[in-house]
Amino acid sequence: MKLKDIVPWGRSFEEYRDMFLLTGADLQKTILGCGDGPASFNAGLTKSGGKVVSADPVYRFTTDEIRSRVRDVYPEIMSEVSKNPDEYVWDSIRDVRHLGQVRTEAMELFFDDYEQGKKAGRYIDASLPELPFEDKIFHLALCSHYLFLYSEHVSLEQHILSMKELCRVANEVRVYPLVTLDGKRSEYINPVVSELRNDGLDVSFQKVRYRFQKGADEMVVAK
Ligand SMILES: C[S@@+](CC[C@H](N)C(=O)[O-])C[C@H]1O[C@@H](n2cnc3c(N)ncnc32)[C@H](O)[C@@H]1O
């Protein structure tokens with residue numbers, strides 16, 4: 001995995017809470033954040049006493065390397081959003097400038113926490129579909145803005161293997177969003193859900209509080 005192939009982009013602790021409908025009881029659980037990249041969920045939850053490990057291939061790189069990659073992709077991402085404002089709900093995030101501010105603040109919290117978190121084993125260099133964790137070591141695994149969103153880049157087979165792997169390491173798995181980059185429901189959802197149900201897992205869909213990308217209003221839950 002080369003750094004230039006990764007689009008690091010980080011959401012905040014509050015965004016994770018709303019994307020995954022995390023309750024006070026959920027936040028007491030041992031949580032895996034898979035594909036967390038430079039999001040500040042881990043930093044925020046750790047600060048409030050929670051137990052969380054983030055796994056992402058970007059953690060093989062140093063703070064400076066990730067910062068420099070964020071600097072490279074930032075203008076591209078902001079320009080894409082500016083060109084397509086109708087694809088987003090401008091509510092809690094008011095406009096493109098505010099989006100930049102919210103993302104930058106979240107990523108700064110991540111950068112401030114990264115070195116100490118890495119030493120504490122909270123940021124692990126790992127890639128789906130194979131995670132270096134024992135069976136059911138986490139109560140809850142969260143995956144934000146990687147599976148389903150990148151259906152054009154990650155194959156159906158990789159999705160199935162990845163979901164099975166997340167279900168192997170955690171009692172419950174929540175994934176959001178279920179739409180692709182162009183805002184359409186991913187075609188992989190039905191086949192992935194069938195596979196998981198065939199394995200005996202209980203799979204359901206839940207509407208979430210979070211609203212930003214249009215059409216992205218639910219998560220899938222497997223347990
Ligand atoms: C768009 S970012 C989302 C970051 C964060 N989850 C959020 O919502 O703010 C996608 C993340 O997926 C990570 N990623 C890419 N391939 C992966 C893989 N095979 N397994 C786990 N994470 C991966 C990238 O490194 C990147 O950090």
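Start by selecting Phe 148, a buried residue with a relative accessible area of 2%. Here, buried means under 20% relative accessible area, exposed means over 50%, and partly exposed lies in between (1.4 Å probe, protein chains only). Phe 148 also has a positive phi of about 70°, although it is not a glycine. You will find Phe 148 in the loop between strand 4 and helix 5 (156–169). Helices (H or I, at least four residues) and strands (E, at least two) are DSSP runs, numbered from the N terminus.

A word on what you have open: this is a predicted model, in which local features need pLDDT of at least 70 and side-chain atom pairs count only at pLDDT 80 or more, while totals for chains, interfaces and linings use all residues. Residues are numbered from 1 along each chain as its sequence is written, and side-chain values use heavy atoms, with hydrogens and water left out.

**Next stop: the loop between strands 3 and 4**

Select Lys 136, which lies in the loop between strand 3 and strand 4. Lys 136 is another residue other than glycine with a positive phi, near 50°. Is Lys 136 buried or partly exposed? Its relative accessibility is 43%, so Lys 136 counts as partly exposed.

Now pick Pro 129, placed in the loop between strand 3 (123–124) and strand 4 (138–144). The peptide bond leading from Leu 128 to Pro 129 is cis, with omega near 10°.

For another cis peptide bond, go to Tyr 176 and Pro 177, where omega is about -5°. Pro 177 sits in the loop between strand 5 (170–176) and helix 6 (189–198).

**The aromatic rings**

Show the side chains of Phe, Tyr and Trp: the structure holds 17 aromatic pairs. Rings (for Trp, the six-membered one) pair if their centres lie within 6.5 Å; planes under 30 degrees apart count as stacked, over 60 as edge-to-face and the rest as tilted. One of the pairs is Tyr 88 with Trp 90, a tilted pair at 5.9 Å centre to centre with 50° between the planes. Tyr 88 counts as buried because its relative accessibility is 17%, while Trp 90, at 26%, counts as partly exposed.

Move on to Phe 110 and Phe 111. Their ring centres are 5.3 Å apart and their planes stand at 65°, so this pair is edge-to-face. Phe 110 is buried at 0% relative accessibility, and Phe 111 is buried at 7%.

Keep Phe 111 in view and select Arg 67, whose charged end sits over the Phe 111 ring, 4.4 Å from its centre. The term applies if NZ of Lys or CZ of Arg is within 6 Å of the ring centre and within 35 degrees of the ring normal. Then try Arg 185, which lies over the face of Phe 205 at 5.2 Å from the ring centre.

**Last stop: the ligand**

Which residues come nearest to the ligand? Of the 19 around it, they are Arg 11, Gly 35, Asp 56, Leu 128 and Ser 144. Zoom in on Ser 144: an N or O atom in its side chain is 2.4 Å from an oxygen atom of the ligand. In the side chain of Asp 56, an N or O atom lies 2.6 Å from a ligand oxygen. At Arg 11, a polar backbone atom is 2.8 Å from an oxygen atom of the ligand.

Notes. Near = heavy atom within 4 Å. Polar contact = N/O pair within 3.5 Å; in protein donor to acceptor, adjacent residues only side chain to side chain.
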